[in-house]
Amino acid sequence: MRANRSITFKLVLIITVFSSLIFTATIGYFYHRSCGVLQRELEKNARNIVLASVNRVEMELSSIGKVAEGVVCSLETGNYHEESLNTLLKNTLGGNKEIYGVGSAFEPNEAAIEAVPVVPYFYRKNGRLISAAEEDFQFLTLDWYQIPKELGKRVWSEPYFDEGSGEMLMTSCSIPFYEGTGDHRHFRGVVVADVSLGWLTDIVASIKVLKTGYSFLLSRNGTIVTHPDTGMIMNETIFSLAESRNNPILRDIGRKMIHGDSGFIPYTDTRGIKSWMYYAPILSAGWTLAVVFPEAELFAEVRSLTMMVGVMGLVGIMLLAAAVALISRSITAPLHALADATEVIAAGDFDAELPQVRSRDEVGKLTRSFIAMTIALKEYIRNLTETTAAKERIESELKVATDIQASLLPRIFPAFPDRPEFDIFASMDPAKEVGGDFYDFFFIDDTNLCFLIADVADKGVPAALYMMVAKTLLKSEGQRLGEPDLILASVNNILAADNDSCMFTTVFCAILDTRTGDVRFSNAGHNPPLIIESSGIRYLTVKAGFVLGPMPDSDYETERLTLQPGDTLFLYTDGVTEAVNLSGELYGEPRLLTALQMSPKENLSEMIHSIRAQVTGHANGAPQSDDVTMVAVHYKGA
């Protein structure tokens with residue numbers, strides 16, 4: 001059940017995870033694009049709504065401005081006395097219901113001894129037109145009079161509460177009028193038309209945005225003129241709100257508004273609700289109309305649709321996972337049965353019955369393969385058992401051969417404890433179970449010690465057999481002939497007589513006269529030995545000679561040297577100098593020379609073990625490729 005669950009679980013997990021990732025990425029992309037499209041549509045609609053409302057306000061303000069301009073034109077072209085002027089103002093007010101009051105403020109006559117400002121004014125109250133002219137009304141310093149006088153053009157005042165007449169939120173349109181023409185034209189006064197902003201409040205309030213969206217109006221100084229929160233009207237400016245919140249972004253938005261810019265920007269309203277705002281200027285009055293769209297309501301439909309699609313996708317993924325689980329279980333059920341059977345086989349019961357093959361798909365093919373494998377495995381194990389038995393028998397025989405080979409070489413040191421004239425030590429480490437290197441030493445007579453070292457070509461059993469023959473011959477012929485050149489020549493002829501395999505061996509054979517230190521030696525293709533003298537260590541220059549075995553009647557020459565008391569002769573096989581490390585670098589003759597210079601000189605055992613340790617360290621884990629054999633002879637003197 002564990003294997004079946006494991007495969008099913010992994011398959012369901014992978015498909016579910018990747019399906020979820022793909023679906024999540026798709027939903028995220030859909031939501032992001034939908035929000036972008038909705039935001040662009042909202043900006044377009046907001047622009048249309050605001051501009052339509054701005055146009056309505058502009059038309060109202062423009063019509064009022066034209067009425068005031070008509071009064072200005074009448075005053076500049078006609079000659080009105082007090083009664084006719086009042087009639088003009090009263091008729092103008094009566095014919096324009098959108099105007100709350102109209103009047104004309106005259107510049108005082110500077111030639112008069114006492115210049116008294118005169119302002120004939122009419123306003124509406126309870127459906128009646130009432131005159132409110134005041135001869136001592138000090139208007140000359142008021143904005144609605146001073147600004148158009150200085151600018152020489154029509155000016156809309158900042159909205160204000162008129163406490164004297166209407167006690168309502170109003171604004172005034174002021175237009176200067178003049179007397180004379182050309183160079184004789186001079187300022188005469190200002191026509192003022194007061195307008196209640198109730199109609200403007202109605203226009204702004206009629207702008208419906210989503211469920212809780214709203215609009216508001218700012219004056220040219222940033223004062224809030226209309227707003228759903230009536231407590232802010234004429235009591236707050238957009239800059240005071242920015243200061244109270246410490247919001248530099250809102251302050252920048254306010255600057256753009258009063259400068260006549262327009263835009264669609266993210267905005268956090270006075271309630272802390274994240275929103276979007278579109279604002280545009282009312283150019284004739286210098287005011288700004290803004291519409292606020294709550295972001296939560298703006299994207300509510302998109303979020304709702306995204307959630308619905310997400311739930312549908314989740315249900316789909318769950319159904320897909322269930323389908324994958326069912327299909328995978330139908331596939332893994334026979335695999336589970338096969339796994340149970342193979343566990344029994346793995347335990348060693350090769351006669352366990354495998355499930356029957358009922359299909360021709362991959363599972364059926366796998367079952368047939370397991371059946372064939374079981375049959376082949378039985379045959380293989382039977383053969384392996386036989387091979388293992390044979391190998392163990394061979395290894396046992398090789399172990400015996402190793403012991404026999406080792407017993408043929410002198411292994412007891414000191415070898416001649418009763419002979420103080422010299423000391424000798426040797427070692428041989430085969431690369432395989434048995435090797436082809438060998439050494440030997442024996443007395444020919446009471447004073448002549450024969451010692452030799454040899455290296456048979458190849459390794460393993462053939463080399464070991466050839467080594468035993470060669471060693472036996474060298475010892476027997478050495479004791480019989482007594483001279484190195486004769487010994488090598490005789491053994492060579494014997495080995496060459498029946499050498500169909502063309503095997504050969506290198507030999508360095510020497511005879512030491514223990515009384516005088518004279519050494520007679522002959523070489524058959526072996527490495528030159530080293531001599532350790534009081535003056536230093538050097539390689540002997542010897543004649544190479546031909547190897548033993550391949551060819552009969554080879555000639556060998558005896559050479560001589562004399563060892564002084566304290567001198568040592570060091571013999572070795574090429575397994576020392578040709579030892580390689582993991583990089584394929586040879587140990588080499590220079591390293592051997594240096595190692596001998598640093599090794600103990602008086603104790604031959606320590607000397608040879610030191611050299612062997614340095615060769616092993618050079619190999620650094622690389623397998624031994626050849627037998628390593630060394631012989632050292634130290635002459636002490638008679």
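Contact here means heavy atoms within 4.5 Å. With that in hand, welcome to a predicted model, in which local features need pLDDT of at least 70, side-chain atom pairs count only at pLDDT 80 or more, and totals for chains, interfaces and linings use all residues. Residues are numbered from 1 along each chain as its sequence is written, and side-chain values use heavy atoms, with hydrogens and water left out.

- Helices (H or I, at least four residues) and strands (E, at least two) are DSSP runs, numbered from the N terminus.
- A residue is buried under 20% relative accessible area, exposed over 50%, and partly exposed in between (1.4 Å probe, protein chains only).

**Around glycine 566**

- Glycine 566 sits in the loop between strand S20 (559-562) and S21.
- With 38% relative accessibility, glycine 566 counts as partly exposed.
- Serine 534 is 32 residues from glycine 566 in sequence, yet their C-alpha atoms are 7.4 Å apart in space.

**Helices H5 and H6**

- Helix H5 (residues 238-245) packs with helix H6 (residues 248-258) at an angle of about 170 degrees, and their axes are 8 Å apart. Here axes are lines fitted to C-alpha atoms, for helices over the stretch in contact, and angles run from 0 to 180 degrees between N-to-C directions.
- That angle makes H5 roughly antiparallel to H6; angles under 35 degrees count as roughly parallel, over 145 as roughly antiparallel, 65 to 115 as roughly perpendicular and the rest as oblique.
- On the H5 side, the contact is made by Ile238, Phe239, Leu241, Ala242, Glu243 and Arg245, while H6 brings Leu250, Arg251, Gly254, Arg255, Met257 and Ile258.
- Sorted by class, the contact of H5 with H6 has seven nonpolar, one polar and four charged residues. In this sorting, Ala, Val, Leu, Ile, Met, Phe, Trp, Tyr, Cys and Pro count as nonpolar, Asp, Glu, Lys and Arg as charged, and the others, Gly among them, as polar.
- Ile238, Leu241 and Ala242 are the buried residues of H5. Seen down the axis of H5, they fall within an arc of 100 degrees, so they line one face of the helix; the arc is that of the directions from the helix axis to the C-beta atoms.
- Glu243 and Ser244 are exposed on the other side of H5.
- Strand S8 (214-218), strand S9 (224-226) and H6 are what the buried residues of H5 pack against.

**Backbone on either side of H5**

- Most residues other than glycine have a negative phi, and most peptide bonds are trans.
- Methionine 234, in the loop between S9 and H5, has a positive phi near 65 degrees. Its relative accessibility of 23% makes methionine 234 partly exposed.
- Asparagine 246 follows H5 and has a positive phi, near 55 degrees. This asparagine 246 lies in the loop between H5 and H6 and, at 65% relative accessibility, counts as exposed.

**The loop between H9 and S13**

- The peptide bond from phenylalanine 413 to proline 414 is cis, with omega near 0 degrees.
- Proline 414 is placed in the loop between helix H9 (362-408) and S13, and alanine 415 lies in the loop between H9 and S13 as well.
- Alanine 415 is partly exposed, at a relative accessible area of 24%.
- Not counting residues up to four places away in sequence, alanine 415 touches Ile424 and Phe441.

**Helix H3**

- Trp144, Tyr145 and Pro148 are the buried residues of helix H3 (residues 143-151). They fall within an arc of 100 degrees when seen down the axis of H3, so they line one face of the helix.
- Asp143, Glu150 and Leu151 are exposed, on the face of H3 turned away from its buried side.
- The cover over the buried residues of H3 includes strand S1 (101-106), strand S4 (155-156), strand S6 (168-179) and strand S7 (186-196).
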